[in-house]
Structures are given as C-alpha cells and as structure tokens.
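Me: I would like to learn how to read a protein model feature by feature, with the general idea given before each case. Could we go through it slowly, one term at a time?

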Amino acid sequence: MQPRNMSMSGVVDLAAVKAAGEAKAKAEQARAESARQGGTAAVAPSSLVIDVDEAGFELDVLQRSAEVPVVIDFWAEWCEPCKQLGPLLERLAVEYNGRFLLAKVDVDANQMLMQQFGIQGIPAVFAVVAGQALPLFQGAAPEAQIRQTLDQLVQVAEERFGLTGLQVDAEADPGAPAPAQAGPYDALLDAAVSALDAGDLAGAVQAYKNVLADDPGHPEAKLGLAQAELLARVQAMDPAAVRRNAADNPQDVAAQIAAADLDLAGGHVQDAFGRLVDTVRRTFGEDRDAVRLRLLELFEVIGPEDPRVTAARQALASALF
C-alpha cells in the first residue's frame, strides 16, 4: 500500500463539520440516559484498550464515542511500523486515564472498515467523537507529536461536546499483574555510550534497541539509536566518491540518500534535508517512499523540536502534495 500522509498539526475544526450540532445533541442525550440509569460505572485500566471488528463497531466505537473520544488504530500483523506505534498508543491510553478509549482494528480481518475510512496505508489513526470521524495521523509518528494531537482531541471533545472521558478504577483489575515500571535504563544507556566511545557501533545500536524494546518512546534511546545508525552507515563511505556520484547522478536515489547521510553526519543539516526533499519532488512510487523514509529517520537524529526539522517537514508535505 502506498501511504497517505495526514496532518500531525492536530484535530480538524469540528465547527466546520456539518453534523457537529446534531452530534453534540446526541452525546448529551446519551449522557442524560446514562445518568437516569445510574451513571457509567468505573472501568478498569485494561478496558481502555479494546479490539474492534466490523460486527462490534457500532456498539464499541460509534455508541461509545458519545461518552468518550475513541481513537482507532488501524494495524496489521505484517506491518513493522504498527509494531512500534501500537504499544505506544496502548501505553498512552492508560496514561491518559480514561480521557480517550483506544480501539484497535486489524485491517486484514476488517477490510470493509478500512475501505469506509478511505485508508491507503497503515498504521493509520483516526478518532471518533460523538459519532464524527476525524483523521489524526498516519505512520509511526514521534511521541511528542502524538501527545500534542491527543491533547487537542481531548480538549475539543470536552469543550465542544462535554465529553470528559471515562472514570477509571485502578483497583478494578485485582487479578491483573502490576504494570511493569519502565527503566531505569542507566546501565544500558551507559553501555551504548561506552560502545560508541570504543567505535563499536553495532554494540551501541543493540544497546539502544534493548531500551526501546521495553520502552518504545524513550527519547534518549530513540535519539541515540538514530545517531548510531547514521554513524554506522557513513563509517565505511568514501566521502569524495559519494559526493561525486551524487553530483553526477542526480536521478540516482541511493546516491542522493548516501550523500544526505554524509551531509548530516558532517553537521550540514539543512543541506541533507534539502537534498532529500528535492529528491522526493522528482521521484515516484517505491523510490519516493525510500527517500521519504530516510528523511524521517534523519529527523529523528536531530530531534522533532528542532526548527530545521519543522521547516523540512513542511517542505516535505509540499513536495508530496
């Protein structure tokens, strides 16, 4: 599947949705009915993440969206980015303590839902608020941006629909094991740094991966892994030959990617980003996707908060559309 990029800038303005007023009325009606029946019981933390199929979509997603924003994670077993994004969303669902419900949809088993949402690539994340479907983002986006989007979703749901979320009872799962505490990872991080100092890039990469296997969103490990992998790629390069090849073959995707790696490793951040954005503009299909993915990897090396990354993301979006 070819991915379809979705904005990470936040939730769309629900005031522009024609059915917003009707959806709000339905949400209020559903809450009033719940109150007449004694209110909604507190839920266990384990109930904040649910598997949903086509048969249960009406009840588990559409009806529940009158009580709480429902975030839908479209995934598949064969999708590698899904294996990183899924655990992160599950962790955030528990951390947000009932402010949203996470519904996981296996696209291989629910092709009709995938078609109804117009999904062209996975992972893809949508939200349903008071019956209104909203595209959030696509791909394994950085945790900081996912949090920003979720914060906006929660704010919109509360301010415009009065959806304050679910009451969570942390003791409602007496038989469930206590959640594993993430970290500390000082020993593993120290091992990674020691490996870098010794020139053992493979060892550093593995040490960072060991941290991320337990805590996929760990910022220091993500940054360290991206940097170590970059150094490993450029270690055996002949810089002069790589730059000459890139200059002589502007249409050669592999040559441009290699030169961009060298640019970034040498501190020429904007040159690296600009080279790959330009390459995205003149490529298509698998070649374009390869360049885009490498550019996203280089964003991780610099960090999502860097203004050069922000500018390059905007340039990438312009190049893609």
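Me: Which residue caps the N-terminal end of α13?

Reply: A polar contact is a pair of N or O atoms within 3.5 Å, and within protein one of them must be able to donate a hydrogen and the other to accept it, while residues adjacent in sequence count only if both atoms are side-chain atoms. In this case the cap of α13 is Asp-306, which places a side-chain oxygen 2.8 Å from the backbone nitrogen of Arg-308. Please keep in mind that this is a predicted model, in which local features need pLDDT of at least 70 and side-chain atom pairs count only at pLDDT 80 or more, whereas totals for chains, interfaces and linings use all residues. Residues are numbered from 1 along each chain as its sequence is written, and side-chain values use heavy atoms, with hydrogens and water left out.

Me: How many residues does α13 have, and what span does it reach?

Reply: Helices (H or I, at least four residues) and strands (E, at least two) are DSSP runs, numbered from the N terminus, and the expected span of a helix is 1.5 Å times one less than its number of residues. Helix α13 has 14 residues, and the distance from its first C-alpha to its last is 20 Å, close to the 20 Å expected.

Me: Which residues of α13 are buried?

Reply: A residue is called buried under 20% relative accessible area, exposed over 50%, and partly exposed in between, using a 1.4 Å probe and protein chains only. In α13 the buried residues are Val-309, Ala-312, Leu-316, Ala-319 and Leu-320. Because they cover an arc of only 90° around the axis, they lie on the same side of α13; the arc is that of the directions from the helix axis to the C-beta atoms. The face turned away from this buried side carries Pro-307, Gln-314 and Ser-318, which are exposed. The buried residues of α13 pack against α11 and α12, where contact means heavy atoms within 4.5 Å.

Me: What describes a pair of aromatic rings?

Reply: Such a pair is described by the distance of the centres and the angle of the planes. Rings of Phe, Tyr and Trp (its six-membered ring) pair if their centres lie within 6.5 Å, and planes under 30 degrees apart count as stacked, over 60 as edge-to-face and the rest as tilted. The structure holds six aromatic pairs. One of them joins Phe-74 and Phe-117, with 5.2 Å centre to centre and 55° between the planes, and it is tilted. This pair links distant parts of the chain, since Phe-74 is in strand β2 (residues 70–75) and Phe-117 in the loop between α4 (111–116) and β4 (124–129), 43 residues apart. The rings of Phe-117 and Phe-126 have centres 5.0 Å apart and planes at 75°, so this pair is edge-to-face. Phe-57, Phe-74, Phe-117 and Phe-126 form one aromatic cluster.

Me: Are Phe-74 and Phe-117 buried or exposed?

Reply: Phe-74 counts as buried because its relative accessibility is 0%, and Phe-117 also counts as buried, at 14%.

Me: Where is Asn-97 found, and what is its phi?

Reply: Asn-97 is in the loop between α3 and β3, and its phi is near 55°, a positive value in a residue other than glycine. Its relative accessibility is 46%, so Asn-97 counts as partly exposed. Ala-130, which is not a glycine either, has a positive phi of about 50° and is found in the loop between β4 and β5. With a relative accessible area of 9%, Ala-130 is buried.
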